[in-house]
Amino acid sequence: GFGPGKPGMKITRQKHAKKHLGFFRNNFGVREPYQILLDGTFCQAALRGRIQLREQLPRYLMGEKQLCTTRCVLKELETLGKYLYGAKLIAQKCQVRNCPHFKNAVSGSECLLSVDILGNPHHYFVATQDQNLSVKVKKKPGVPLMFIIQNTMVLDKPSPKTIAFVKAVESGQLVSVHEKESIKHLKEEQGLVKNPEQRKRKKRKKISGPNPLSCLKKKKKAPDTQSSASEKKRKRKRIRNRSTSKVLSEKQNAEGE
């Protein structure tokens, strides 16, 4: 089994962890420092098994880690009182990540599921002993799952849902979240996606109309009066496109080097 005392067992576990991490890295962009979301059950199991998470996790995952939790998890541990005081102390030392439950806290498991929603852009691992939560996490492609078994930490192998998702991406049926993120990141770098506030400020300086998308409806109402304005806009667009392509070519050159 997974007894911590067995010689060679630790090396085998590390090999498996390395293999699973490689899979998540290549297919979902998971990277160091690994963001590990702990719930109360995991903190309690670590305490019982005398597992020093800060020392043992980086050794097991062979990389930097960031222990995280949410307000809801802390609140849940507080409500459960003295019995989980030790677990609460462990959770309090974690970074608190934002969750959508500012006004009304929800259960720890419900909270961790909602933080991991929308394709897990922050690449969170979920660390839990809660069987129901584990089953739900396994239904989400690309979310690494961790648990403690016989006082030993284990990174679970990629779930069937995760493997099916990767196969669908490979066969071209889906665009992976990782790719979508890269596309978005590239657009941001090239200035194609801008902060709405920045846009407003820049527009004020130029004293031109609102962005082309919001003009579309207005143009239909009064096509004659805005024809000269739209010609100007076209010229401006050309200039803007030129600067975008310039940025692109500079970026390619930089990457080439």
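A residue counts as buried when its relative accessible area is under 20%. I begin with that cut-off, colleagues, as I shall rely on it for the aromatic residues of this predicted model.

Consider phenylalanine 24. Its relative accessible area is 1%, so phenylalanine 24 is buried. Phenylalanine 28, at 7% relative accessibility, is likewise classed as buried. Both residues belong to helix H1, which spans residues 9-28, and they sit four residues apart, about one turn of the helix.

I turn now to the ring geometry. Four aromatic pairs are counted in the model. In one of them, phenylalanine 24 and phenylalanine 28 are tilted, with 6.3 Å centre to centre and 45° between the planes.

What is the arrangement of the rings of phenylalanine 28 and phenylalanine 165? Their centres are 5.8 Å apart and their planes lie at 25°, so this pair is stacked. Together, Phe23, Phe24, Phe28 and Phe165 make up one aromatic cluster.

My second topic is a helix pair. Helix H6, residues 108-115, packs with helix H7, residues 131-138, at an angle of about 15°, and their axes are 10 Å apart. Angles under 35 degrees count as roughly parallel, so H6 is roughly parallel to H7. The crossing of H6 past H7 is right-handed. On the H6 side, Ser109, Leu112 and Leu113 meet Leu133, Lys136 and Val137 of H7. The residues of this contact comprise four nonpolar, one polar and one charged.

Notes: Residues numbered from 1 in each chain as written. Predicted model: local features only at pLDDT ≥ 70, side-chain atom pairs only at ≥ 80, totals over all residues. Heavy atoms only, no water. Axes fitted to C-alpha atoms, helices over the stretch in contact; angles between N-to-C directions. Helix = DSSP H or I, 4+ residues; strand = E, 2+ residues; numbered from the N terminus. Parallel < 35°, antiparallel > 145°, perpendicular 65-115°, else oblique. Left-handed = near helix turned anticlockwise from the far one by under 90°. Contact = heavy atoms within 4.5 Å. Nonpolar A, V, L, I, M, F, W, Y, C, P; charged D, E, K, R; others polar. Phe/Tyr/Trp six-rings, centres within 6.5 Å; stacked < 30°, edge-to-face > 60°. Buried < 20%, exposed > 50% of the residue type's maximum accessible area, 1.4 Å probe, protein only.
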